[in-house]
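The entries follow the order in which I checked things.

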Amino acid sequence: SRPLILVLANSETLQIVMKNPDLPYTEVAIDCRRITNWQSLHDVFAEAFGFPDFYGRNMDAWIDCMTDLDAPDDELSAVHAPIGGVVVLRLDHAKT
């Protein structure tokens, strides 16, 4: 099956993405088969995004890390959006 593709961006950036398919991006693949509960969701995202050791493994901490993908100096993720670009989340084996 084809993966589900999500672009992590605010609405303004998303409009730019839709108009400019050559926008720089970083792609992160998530194997949705590995996510069976909240604990495994945190395991999979922490591994895929390189969250720091102090990652709190709760939704507040997840949101903090995921909304900081454009701020590498904050060191909340090893994955970052390129300057002027976005992060694309590829959800492999997602049930739609």
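Entry 1. I started with the contacts of I30, leaving out residues up to four places away in sequence: I30 touches I35, V44, F45, A48, F49, L89, R90, L91 and D92. The model is a predicted one.

Entry 2. I looked up where I30 sits, and it belongs to strand β2. Is I30 buried or exposed? Its relative accessibility is 0%, and buried means under 20%, so I30 counts as buried.

Entry 3. I checked one partner by distance. I30 and L91 are 61 residues apart along the chain, yet their C-alpha atoms are separated by 5.0 Å.

Entry 4. I turned to helix α2, residues 38–49. It has 12 residues and spans 16 Å from first C-alpha to last, close to the 16 Å expected. I noted its buried residues as S40, L41, H42, V44, F45, A46 and F49. What do they pack against? I found β2 (25–31), α3 (59–66) and β3 (86–92).

Entry 5. I looked at both ends of α2. After α2 comes G50, which has a positive phi, near 65°.

Entry 6. W38, M59 and I63 make a nonpolar patch of about 310 Å². I63 lies in helix α3. I63 has a relative accessible area of 41%, so I wrote it down as partly exposed. I30, in contrast, is buried at 0%.

Methods: Residues numbered from 1 in each chain as written. Predicted model: local features only at pLDDT ≥ 70, side-chain atom pairs only at ≥ 80, totals over all residues. Heavy atoms only, no water. Helix = DSSP H or I, 4+ residues; strand = E, 2+ residues; numbered from the N terminus. Expected span 1.5 Å × (residues − 1). Buried < 20%, exposed > 50% of the residue type's maximum accessible area, 1.4 Å probe, protein only. Contact = heavy atoms within 4.5 Å. Patch = residues over 30% accessible without salt bridge, like charges linked within 9 Å, V, L, I, M, F, W, Y side chains within 5 Å. Areas by Shrake-Rupley, 256 points an atom, 1.4 Å probe, with all protein chains shown as cover. Salt bridge = Lys/Arg side-chain N within 4 Å of Asp/Glu carboxyl O.
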